[in-house]
Amino acid sequence: MEVRQLAVPDAYEFTPRSFPDHRGLFVAPFQEAALVEAIGHPLHVAQTNHSVSRRGTIRGVHFADTPPGQAKYVYCPRGALLDVVVDLRVGSPTFGTWDAVRLDSVDYRAVYIAEGLGHAFVALEDDTVMAYLCSTGYNPSGEHGITPLDPELGLPWPSDLTPILSEKDEAAPALAEAAAAGLLPVYADCVAHYEKLRAG
């Protein structure tokens, strides 16, 4: 498993080895030992999510109140997507920074998104599947969003795709509006939460 830290601190890309043969292919997109070595603690999996998206569908930018927040480990078992991580943590040295990774059913790369970071993706093909391992269960009152079309963020959505958004994501505030409303996670709180997880 190859591991690479993204431009957004506390987010990582994982590239597993694939083993194709005459029967098909075997790959292990999630390997706990590699994750623990990268982030310093295991991922408690409270829920798994599975989404299927049409080409051009954008989901996000989603985040949760931290603590406890919701860490995610995501990969694409079918199709192809552009996965985007955004630093939404107020006070972070990289606040407003994003990074993007192509996830697909060729290389089976995965991305880990720590609590407090924003997550979004766009499906590059029809019937694209995203699989998520989540550290906490669904908590409607603690989950929020930033519009993925915020010009201030300038996220790298392909120009040849017509964006398809949910009503909730279309109505989500811009980054500056969310910050002014006090909706965003605080960097110091997130760091304290990560340290608590590492301490066990």
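Visitor: Which residue in β13 is the bridge partner of phenylalanine 63?

Guide: The model is a predicted one. In β13, phenylalanine 63 has histidine 144 as its bridge partner. That contact belongs to an antiparallel arrangement, in which β6 and strand β13 (residues 143-145) are joined by three bridges.

Visitor: With which other strand does β6 pair in the antiparallel sense over three bridges?

Guide: Two strands are taken as paired if at least two bridges are found between them. Strand β11 (residues 118-123) meets this criterion, with three bridges to β6 in the antiparallel sense. Within β11, histidine 119 is the bridge partner of histidine 62.

Visitor: Is strand β6 mostly covered or mostly uncovered?

Guide: A residue is called buried when its relative accessible area is under 20%. Strand β6, residues 58-64, is mostly covered, with five of its seven residues buried.

Visitor: How much space lies in the largest pocket?

Guide: The largest pocket holds about 540 Å³ of space. Its lining has 26 residues, and those closest to the centre are Asn49, His62, Lys72, Tyr132 and Glu143.

Visitor: Which element gives the largest share of that lining?

Guide: β6 does, with six residues. At least two lining residues each come from β5 (47-53), β6, β11, β13 and α2 (167-171).

Visitor: How do the residues of the lining divide into nonpolar, polar and charged?

Guide: The lining of the largest pocket comprises nine nonpolar, 12 polar and five charged residues.

Notes:
Residues are numbered from 1 along each chain as its sequence is written. This is a predicted model: local features need pLDDT of at least 70, side-chain atom pairs count only at pLDDT 80 or more; totals for chains, interfaces and linings use all residues. Side-chain values use heavy atoms; hydrogens and water are left out. Buried means under 20% relative accessible area, exposed over 50%, partly exposed in between (1.4 Å probe, protein chains only). Helices (H or I, at least four residues) and strands (E, at least two) are DSSP runs, numbered from the N terminus. On a 1 Å grid over the protein atoms alone, a cavity is a set of points where a 1.4 Å probe fits but cannot get out, and a pocket is an open set with protein on both sides within 12 Å along at least five of seven lines; lining residues have an atom within 4 Å of a point. Grid points are joined across faces, edges and corners, and a volume is the space filled by probe spheres set on the points. Ala, Val, Leu, Ile, Met, Phe, Trp, Tyr, Cys and Pro count as nonpolar, Asp, Glu, Lys and Arg as charged, and the others, Gly among them, as polar.
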